Amino acid sequence: MNRLPASSSGVDQAAAVLRAGGLVAFPTETVYGLGADARNVEAVTRVFAVKGRPADHPLIVHLADAAQLTGWARDIPETAWRLAEAFWPGPLTLVLPRLAGVPDVVTGGLDTVALRVPGHPVALALLAAFGDGIAGPSANRHGRVSPTSAGDVREELGADVDMVLDGGRCEIGIESTIVDLSTTKPRLLRPGAITGRALNRVLRSPLAKANAAVRCPGNMPSHYAPRAHVILASPDDVGQRIDEWHRGGQRVGVLASRRPAGLAEDVTWLRFTGNMREQARELYHRLRQADHLGLQVLVAVMPRDVGLGHALRDRLRRAAGLGDDGGRARAPPQQLPGGE
Ligand code: TXA
Ligand code: MG
């Protein structure tokens with residue numbers, strides 16, 4: 001596998017790999033994507049195989065600019081243009097009715113397609129060189145933690161990807177906000193760095209409440225999960241949560257902005273800074289670190305539910321396998337669930 005720095009020749013070579021039906025992992029401002037020519041059914045099918053992703057979990061198509069929307073979507077509402085104008089290039093994905101020619105394999109057979117213009121110079125250079133949509137899920141195996149560096153991608157996918165473009169560490173660190181504009185009222189499908197409040201300002205009317213019954217396809221309760229068993233805690237009960245697991249002889253770590261008082265020596269503190277932007281940037285890196293350290297349990301102190309905290313809490317709940325259901329702490333089992 002080639003792992004090239006994102007020089008212009010690297011970008012040209014990556015575009016050639018895509019044209020030939022190959023897979024290129026590329027940096028975005030959110031997380032690294034596993035890219036394929038979105039109009040090449042065979043290439044997109046290989047993305048699903050490499051990820052081990054079920055066929056009914058649709059992919060996002062990345063575009064060079066908002067003008068390319070008309071090559072993929074129909075009945076584009078005025079709100080889509082407004083959101084594109086306000087937030088693209090950037091960490092926002094729009095779900096729109098698809099044009100008939102969009103391959104079923106990309107949309108999981110849905111009548112809609114997810115589209116975004118990423119805010120990363122290397123991604124934009126690749127999209128410009130390639131000239132059309134690049135289908136790209138996050139470049140991790142299905143259900144695992146999204147990669148936020150080229151090294152993470154290599155660790156995840158090894159030789160299963162033809163080329164990795166290295167664009168450094170991802171600036172945002174968690175996946176894009178997804179808004180569904182295919183129904184009468186815009187709906188938030190996945191929280192991200194573009195907050196509900198920022199969206200409402202541009203939409204000039206509040207987003208429809210996320211409805212647990214209408215889940216984002218592929219947005220599963222357990223996702224973004226490290227090998228370590230993630231336990232959610234509050235600043236008040238973090239000590240108790242740690243004790244419960246530590247007492248049982250587990251290798252325990254804690255993800256918290258402050259070192260919890262009276263922490264046992266053999267409990268690893270993974271520092272989480274106080275600033276939510278920095279926390280988002282660090283989150284997946286820390287989850288990977290927990291695995292590298294061989295932790296069996298990671299007790300995570302939940303950020304407050306304001307601004308970006310909403311998306312951070314969403315990802316931590318999924319890492320804990322608790323989905324959208326509010327993150328009640330689980331009782332420590334006698335034994336950890338077996339295997340991986
Ligand atoms: O930040 C991101 O969005 C990253 C970078 C690489 O762009 N991509 C990403 O892709 O997170 P992925 O495949 O890991 O997550 C895309 C999500 C899927 O979980 C799926 O639920 C949703 O987008 N999605 C895709 N097409 C959809 C559609 N037509 N309707 C509703 N949801 C859709
Ligand atoms: Mg993903």
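Predicted model: local features only at pLDDT ≥ 70, side-chain atom pairs only at ≥ 80, totals over all residues.
**Ground rules**

I number residues from 1 along each chain as its sequence is written, and chains are lettered from A and ligands numbered from 1 in the order in which they are written.

**Entry: the cores**

I began with nonpolar cores, meaning sets of buried Ala, Val, Leu, Ile, Met, Phe, Trp, Tyr and Cys residues joined through side-chain atoms within 4.5 Å. For burial I use relative accessible area: under 20% is buried, over 50% exposed, and partly exposed lies in between (1.4 Å probe, protein chains only). The largest core has 48 residues, and L83, L92, L94, L96, L115 and L199 touch the most other members. I then looked up which elements give it two or more residues, and they include α2 (41–51), α3 (78–87), β5 (92–97) and α7 (196–203). My helices (H or I, at least four residues) and strands (E, at least two) are DSSP runs numbered from the N terminus. The largest share, 5 residues, comes from α2.

What does L83 touch, leaving aside neighbours within four places in sequence? I found W88, L92, L94, L181, L199, V202 and L203 in contact with L83, where contact means heavy atoms within 4.5 Å. There is also a second, separate core of 29 residues, with V31, L270, M276 and A311 among them. A general note for myself: in soluble globular proteins, nonpolar side chains tend to be buried together.

**Entry: salt bridges**

I count a salt bridge when a side-chain nitrogen of Lys or Arg is within 4 Å of a carboxyl oxygen of Asp or Glu. The structure holds 19 of these salt bridges.

- E155 pairs with R288, with the closest N and O atoms 3.4 Å apart. E155 lies in helix α6 and R288 in helix α9 (residues 276–292), so this pair ties together parts 133 residues apart in sequence. R288 is buried at 5% relative accessible area, whereas E155 is partly exposed at 47%. Shared partners join D152, E155, E156 and R288 into one network.
- D160 pairs with R141, and their closest N and O atoms are 3.0 Å apart. D160 sits in the loop between α6 and β8 (163–166), R141 in the loop between β7 (134–135) and α6.
- R74 and D75 meet at 3.1 Å, N to O.

**Entry: helix α1**

Helix α1 (residues 8–19) has 12 residues and reaches 17 Å from its first C-alpha to its last. That is close to the 16 Å expected, taking 1.5 Å times one less than the number of residues. Which residues of α1 are buried? I listed G10, V11, A14, A15, V17 and L18. The face turned away carries exposed S8 and S9.

Most residues other than glycine have a negative phi, and most peptide bonds are trans. W88 and P89 are joined by a cis peptide bond, with omega about -10°. D75 is not a glycine, yet its phi is positive at about 50°. R204 is likewise not a glycine and has a positive phi of about 65°; R204 is found in the loop between α7 and β11 (229–233).

Key:
Heavy atoms only, no water.
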